[in-house]
Amino acid sequence: MTRPSRRDPGLLVPLVLATALLAVAVAGPLLAPGSATAGSLRQRLLDPGSPGHLLGTDGQGRDVLSRIVLGARPSLAGGLLPVVVATVAGTVLGTVAGLGGRVAAQLLLRTLDVLYAFPGVLLAIAVCSLCTPGLTATVLALSVVLTPAVARVVFGEVRRVRSAEYLEAARVSGQSRFGVGVFQVLPVIGPVVLAYASSLVGLSVVYAAGLSFLGLGVAPPAPEWGAMLDELRPALFTHPTLALVPALTVLAVSVLFNVLGDALARRVAGTGGPRPAGHR
Amino acid sequence: MRRFLTRRLLLAVPSLLGVTAVVYATVALVPGDPVSAFLGPGASPGARRELAARLGLGRPLPVRYAHWLGHAVRGDLGTSVSAQRPVTEVLWPALQQTLVVTAAAFALVVAGGVLLGAVGALRPRGPAGRLAGALSTLSVSAPQFSVALLLISVFAVRLRWLPAGGTHDAFGPGGTADLLRHLVLPAVAAALVPLGLTARVFRTALAGVLESDLADGLRARGTTRAVVLCHCAHNAAPALLTIGGLQLAYLLEGVVFVETLFDWPGLGRLLYDALAARDFPVVQGGVLVVAVAFIGINILVDAAHALIDPRVRSTS
C-alpha cells in the first residue's frame with residue numbers, strides 16, 4: 001500500500017485518530033487519571049462533568065474516564081486480534097483452495113455455505129461458551145466468525161489472477177506451488193485483502209464489546225467497554241447520560257475504523273468506489 | 001424456473017445437514033451438561049440417571065444426531081429441558097415476536113436504504129449526496145446495543161415519548177396500537193446497520209447504471225429525468241434484491257442485543273438463554289429454524305432475481 005499523501009485528508013485523518021487510539025491502548029496506565037478498579041462508595045453514580053470525574057463514576061464509585069482509557073487495551077485487542085487471526089487463516093484457506101484443484105475449491109465453497117447459513121452472533125456465543133470467559137474466548141469466537149468472510153474474498157481474488165500469464169511463467173520456470181502462492185499471488189492480492197480486513201475491524205470491535213456485554217468476554221472487575229455497558233445499564237433510568245458513555249465510545253470507535261477501512265479500500269481500488277474490488 | 005427451484009432446493013439439503021451437524025457437535029462440546037444444569041448440584045444419582053436416560057445422553061453422539069434428525073424431518077424437534085414442553089411450542093411464540101421486529105426493521109431498511117442510496121447516486125458531488133454518504137457510514141457503524149441505549153435514554157427516559165421495553169403495557173388497552181408504540185425503538189435499533197449496508201450497495205449499483213450507455217441513450221432521446229431514473233432503478237434492482245435478502249436473513253438471526261435491551265421475548269434472546277441453561281434441544285431446534293429461513297430467503301431472492309432480470313432467466 002502506498003503512503004497516505006497529504007492531499008488525502010479522508011485517509012490521513014482517520015489514520016492519525018486510529019494511531020492515537022492505539023497509543024491510548026498501549027500507554028493506558030500512564031494516561032488514566034485514576035484507578036480502574038478502586039472506587040469510593042461515597043461517590044457512586046456521579047454524572048459526567050462532576051469535579052474530579054470528567055465522565056462521572058459508576059455504581060461502585062469507580063472513575064468512568066479511567067475505566068474507558070484502561071479498557072481500551074482489552075476492548076481493542078478483542079477487536080483487532082480476531083481480524084489478524086482471520087486474515088492469516090482466511091488467506092491461507094482461500095489461497096490453497098484458489099490455486100488447488102476442483103476438489104479443494106468445492107470443499108472450501110461448500111464449507112463456507114454451511115458457515116454462512118449459521119447465525120453469526122449465535123456462532124460467536126456458542127464458541128465463547130466453549131471456553132472460560134475472557135479475552136481468549138472472544139478472540140477465538142470472532143476469529144471463527146470472520147475467517148469465512150476473508151477466505152471468500154481471498155478465494156475470489158486468487159481465482160481472478162490464477163490464469164494470469166506471469167503465474168504460468170513462474171510455474172513453467174519451475175517454481176513450486178508454494179512458491180507461486182507466496183511470491184506471485186500474495187503480493188498481488190495483498191492490498192485488496194488488507195483493505196477488506198481493515199473494513200472488518202469496526203465490526204469486530206462491536207462484536208467483541210457485544211460478547212462482553214452478554215457476560216462472555218473479559219470478566220469483571222477488569223475494565224472493558226462492553227462489560228461497562230452492562231454495568232452502567234441499570235443506571236439508564238436515573239442517570240441517562242452516564243449510562244451512554246461506554247455505548248457512545250464503542251459507537252465512535254466503530255465509526256472511526258469503518259471510515260478508515262473505507263478510505264483504505266478507496267485507495268486500493270483507486271476509483272473512488274466505496275468497496276474493494278474483491279468485495280461481493 | 002421449476003428446474004432452477006428443484007436444483008436449489010436439493011442443494012439446500014447438504015447445507016442444512018452440515019449446519020445441524022455442526023450445531024450438534026458444538027453444543028455437545030459445551031462444558032456443563034443439561035442434567036446438572038436442570039437438576040442442580042443436590043440431585044440424587046438416581047434422578048440424574050433417569051433424566052440422562054430420558055435425554056438419550058448415554059448413546060454415542062452420531063447416534064443421537066441421527067435420532068434427532070429422524071424426528072426433525074417429521075416436525076418433531078424434541079422436548080425443551082427447562083420448559084418441559086415440546087421445542088416447537090417454545091420456539092413458535094418467540095419466532096413470531098422476532099418476525100414482528102424483523103418485519104418492522106426490514107421496512108425501515110428498504111425505505112431508508114433506497115432513499116439514502118438514491119440521493120447518494122443522484123448527487124454524488126453535492127452536499128445532499130455527501131450527507132447521504134456520511135449517514136450511510138454512520139448507520140453501518142452503529143452497534144445495536146449503543147443505538148438501543150441511546151434511543152431509550154432520549155425517547156423513553158428524557159422525553160417519555162415511547163416505552164423503554166416490552167411488547168405491551170402491563171396495564172393498558174393493549175392491542176395493535178400499543179404493540180406499535182413498543183415496536184418503534186427496537187425496530188430502529190435493529191435496522192440501522194442493514195440500512196447503511198443497503199444504502200451503500202444501492203448507491204453503487206444505481207451510480208453504475210446512471211453512468212452507463214443505457215442512461216446516456218435514454219437522455220439522448222430526450223426522455224425526462226423521472227423516466228430515466230425509473231429505467232435505471234429497474235436495472236439496479238437486482239443488487240438491491242440481493243443485499244435486501246441478505247439483510248433480512250441477518251435481521252432474523254442477529255437481533256439478540258435488541259431483544260435483550262428492550263426485553264423483547266424473541267428468538268435471539270430465547271436461544272441465548274437456552275444456551276446458558278444448557279437447554280440443547282431448544283438451541284438445536286432454533287438454529288435449524290434460522291438456517292432454514294436463511295437458506296429459504298436466499299432461494300427466494302435468486303428466484304426473484306430471475307423474474308426481474310431477463311439475463312438471469314435466459315441463462316438459468
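Arg160(A) is exposed, with a relative accessible area of 56%; exposed means over 50% relative accessible area, buried under 20%, and partly exposed in between (1.4 Å probe, protein chains only). Glu157(A), by contrast, counts as buried at 2% relative accessibility. The two residues form a salt bridge in which the closest N and O atoms are 2.8 Å apart; the term denotes a side-chain nitrogen of Lys or Arg within 4 Å of a carboxyl oxygen of Asp or Glu. Because Arg160(A) and Glu157(A) are three residues apart in helix H5 of chain A, about one helical turn separates them. Helices (H or I, at least four residues) and strands (E, at least two) are DSSP runs, numbered from the N terminus.

The model is predicted: local features need pLDDT of at least 70, side-chain atom pairs count only at pLDDT 80 or more, and totals for chains, interfaces and linings use all residues. Residues are numbered from 1 along each chain as its sequence is written, chains are lettered from A and ligands numbered from 1 in the order in which they are written, and side-chain values use heavy atoms, with hydrogens and water left out.

**Salt bridges**

Side chains of opposite charge can pair when their charged atoms come close. Over all chains, a search of the whole structure finds 11 salt bridges.

**The interface of chain B and chain A**

The size of an interface is often given as the accessible area lost when the parts come together. Here chain B and chain A bury about 3600 Å² between them, with 77% of that area on carbon and sulfur atoms; buried area is the accessible area (1.4 Å probe) that two parts lose on being put together, summed over both. Chain B contributes 42 residues to the contact and chain A contributes 38, where contact means heavy atoms within 4.5 Å.

**Annotated spans**

For chain A, the unreviewed UniProt entry lists "transmembrane region" at residues 80-100, 107-127, 133-155, 193-216 and 236-257. UniProt positions are in the numbering used here, feature names are shortened, and annotations may be inferred rather than shown by experiment. Residues 133-155 of chain A are 91% helix and 0% strand, with end C-alpha atoms 33 Å apart. For residues 236-257 of chain A the figures are 64% helix and 0% strand, and the end C-alpha atoms lie 27 Å apart.

In chain B, UniProt (unreviewed entry) places the same feature name, "transmembrane region", at residues 99-122, 134-159, 179-197, 239-262 and 282-301. Residues 99-122 of chain B are 100% helix and 0% strand, and their end C-alpha atoms lie 34 Å apart. The span 179-197 of chain B is likewise 100% helix and 0% strand, with 28 Å between its end C-alpha atoms.

**Helix H3 of chain A**

H3(A), residues 102-116, has 15 residues and reaches 21 Å from its first C-alpha to its last, close to the 21 Å expected at 1.5 Å a residue; the expected span is 1.5 Å times one less than the number of residues. Its buried residues are Ala105(A), Leu108(A), Leu112(A) and Val114(A). They pack against H2 and H5 (135-162) of chain A, together with H1 (2-29) of chain B.

**Two further residues of chain A**

Ser212(A) is found in helix H7 (residues 177-213) of chain A and is buried, with a relative accessible area of 4%. Beyond its neighbours within four places in sequence, Ser212(A) is in contact with Gly217(A), Val218(A), Glu224(A), Gly226(A) and Ala227(A).

Leu46(A) lies in the loop between H1 (9-31) and H2 (64-99) of chain A and is partly exposed, at 25% relative accessible area. Not counting residues up to four places away in sequence, Leu46(A) touches His53(A), Gly56(A), Thr57(A) and Leu242(A).
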